[in-house]
Amino acid sequence: MLLIPAVAGCGSDGDDEPKNVSAKTAALGTITPGVIKVAVQPYAPYTSVQGDRIVGLDGDILAYAAKKLGLEVKPQVTDFAGMLAGVQSRRVDITIGGVAWSADRQKQGLFTDPPYYSPPAMAVRSGRTYKTVDDLKSLQLGTVEGYVWVKSIQAVPGAELHAYPDANGVFDDLGAGRVDVGFLDPLIIIAAQKERPELKIDTQYMTPPTAAQVKAKPAYEYFQPYQTGFYLPKKATKLEKAISAQIDAMYENGELEKLVKKYGGDPEQFLKPSADVATARRGVDRPQDWTPPSIAQ
């Protein structure tokens, strides 16, 4: 998710090392050999904790990779700021859940290859269609306080921003007709369609603004797709490479396509990178010849 975080803490559970940890698994360098400590916030259907398991799209992806690597997943529930702070101080091994890659964040931690790409999704009232930024002019636009879509909305000519403490406020006002379009992470909108049919809302994907539009109004960049990543401490190089290799394999073997569909997403939207994904990371935290993972074109 695209939040502007504050700093908060995230504790360690101090679990004992599990028995029969292979040398290969121990060499991954997790805080506790054989265990991967994961900071998450409740953010269904991306991450939720049920008992001692993380479920949701990100949870399922990590569970698949962890099993392949012989790691036992141990969740620690916090908020978004705590997720980032826990990684940056190495009180946890990793955080997951729609964390957007950015040049600033990668300076303080490591990002895996993208487990998926989050398309610019809009919640709209049934029967209405909006495709481009120009279609949003002079409309009532909603999002959650702190999400960077706030900046994008403020740059739309004549549009009025409605910012809410959480997604429920966006959906409530959208259903009541007080908001025309809501900007949220796509699986949140898809889940609300199923769980709250009385709202009569649809999910639509925006045609991203052109390079010329973004150059004229830099805040429009947040109307473009963003690449997510699992976020790890700076020193966790072996673990990051191992998880990235598993993510890349999941693009190849169809596992990611299956999981995206499981949660109502469109693999064509979630698993094919836009052109700027490679250019953003090449020479920053990836080699100059890095190719972002993708399902078959």
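I began with Asp60, which is buried at a relative accessible area of 13%. Here buried means under 20% relative accessible area, exposed means over 50%, and partly exposed lies in between (1.4 Å probe, protein chains only). I noted that this is a predicted model, where local features need pLDDT of at least 70, side-chain atom pairs count only at pLDDT 80 or more, and totals for chains, interfaces and linings use all residues. Residues are numbered from 1 along each chain as its sequence is written, and side-chain values use heavy atoms, with hydrogens and water left out.

**Entry: salt bridges**

Which side chain meets Asp60 in a salt bridge? I found Lys262, at 2.8 Å from N to O. A salt bridge needs a side-chain nitrogen of Lys or Arg within 4 Å of a carboxyl oxygen of Asp or Glu. Lys262 lies in helix α10 (residues 255-262) and Asp60 in helix α2 (residues 57-69), so the pair ties together parts 202 residues apart in sequence. Helices (H or I, at least four residues) and strands (E, at least two) are DSSP runs, numbered from the N terminus. Lys262 itself is exposed, at 52%.

I then looked up Glu255, which forms a salt bridge with Lys258, with the closest N and O atoms 3.4 Å apart. The two are three residues apart in helix α10, so about one helical turn separates them. Glu255 is buried, at 16%.

Lys137 bridges to Asp134 at 3.6 Å. I read 40% for Lys137, which is partly exposed, and 43% for Asp134, also partly exposed. The search of the whole structure gave 14 salt bridges.

**Entry: aromatic rings**

I looked for rings of Phe, Tyr and Trp (its six-membered ring) that pair, with centres within 6.5 Å; planes under 30 degrees apart are stacked, over 60 edge-to-face, and the rest tilted. The count is seven aromatic pairs. Tyr116 and Phe270 have ring centres 6.1 Å apart and planes at 50 degrees, so I logged the pair as tilted. Tyr116 sits in the loop between β6 (110-111) and β7 (117-118), and Phe270 in helix α11 (residues 267-270), 154 residues apart. Tyr43, Tyr46, Tyr116 and Phe270 form one aromatic cluster.

**Entry: Arg286**

Arg286 came up in two searches. Arg286 lies over the face of Trp290, 5.7 Å from the ring centre. The rule asks for NZ of Lys or CZ of Arg within 6 Å of the ring centre and within 35 degrees of the ring normal. Arg286 is also linked with Asp113 and Glu240 in a network of salt bridges.
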